[in-house]
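Subject: Structure for you to look at

Hello,

Here is the structure I said I would pass on. My notes on it follow below.

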Amino acid sequence: MVIVVVTVLLGVLLGALFLIPRQLKSDSSKKSQLNANAKTSKLYAKAEVSFHNKRTDCWIIIKDKVYDVTSYVEEHPGGDAILAHAGDDSTEGFYGQVSFTITLVPQHATRVFDMIDDFYIGDLEKI
């Protein structure tokens, strides 16, 4: 009986050691995302974004948000495809193209949708 109680206690303690740090990490990442969203967004004119159209200075627009993806250009799995709309609207290229049957053809893996927030620098100015 004592062995069973000790085994259960050890199981609970080991479980707590693994779960508590993950919970703390999850809470801190949520707080940092809230802080990032709370910042005032900088507004960029489309003309300003258009100057950033090179491999060494690459900004893109996705759904009226501006992203500086310069540091990602060399890592992009699609090679130079990321440069096709450098300095311009990349929404269709990012999300995929609409096919003839009016369905979305996926362009990227789902992890890209989480990664893109790391490159966010501001919003596109409304005209």
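How much accessible surface does the chain have, and what share of it belongs to carbon and sulfur atoms? The surface comes to about 9700 Å², and carbon and sulfur atoms hold 63% of it. Please keep in mind that this is a predicted model.

On the overall build, there are four helices and seven strands, in the order α-β-α-β-β-β-α-β-β-α-β along the sequence. Of the 127 residues in the chain, 21% are buried. Among contacts with a separation of 6 or more, 60% are between residues 24 or more positions apart.

I then went through the aromatic side chains. The count of aromatic pairs is three. One of them is Tyr 44 with Trp 59: the ring centres are 5.0 Å apart and the planes stand at 75 degrees, over the 60 needed, so this pair is edge-to-face. Tyr 44 belongs to strand β1 (residues 42–44) and Trp 59 to strand β3 (residues 57–62), so the pair ties together parts 15 residues apart in sequence. Tyr 44 counts as buried at 7% relative accessibility, and Trp 59 is buried too, at 9%.

Another pair is Tyr 72 with Phe 119, which is tilted, with 5.8 Å centre to centre and 50 degrees between the planes. Tyr 72 sits in the loop between β4 (65–68) and α3 (91–95), while Phe 119 sits in the loop between α4 (111–115) and β7 (120–124), 47 residues apart. Both Tyr 72 and Phe 119 are buried.

There is also a charge over a ring: Lys 65 lies over the face of Tyr 120, 5.5 Å from the ring centre.

Regards

Technical notes. Residues are numbered from 1 along each chain as its sequence is written. This is a predicted model: local features need pLDDT of at least 70, side-chain atom pairs count only at pLDDT 80 or more; totals for chains, interfaces and linings use all residues. Side-chain values use heavy atoms; hydrogens and water are left out. Rings of Phe, Tyr and Trp (its six-membered ring) pair if their centres lie within 6.5 Å; planes under 30 degrees apart count as stacked, over 60 as edge-to-face and the rest as tilted. Helices (H or I, at least four residues) and strands (E, at least two) are DSSP runs, numbered from the N terminus. Buried means under 20% relative accessible area, exposed over 50%, partly exposed in between (1.4 Å probe, protein chains only). A charge sits over a ring if NZ of Lys or CZ of Arg is within 6 Å of the ring centre and within 35 degrees of the ring normal. Contact means heavy atoms within 4.5 Å. Accessible areas come from the Shrake-Rupley method with a 1.4 Å probe; for residues, only the protein chains shown count as cover.
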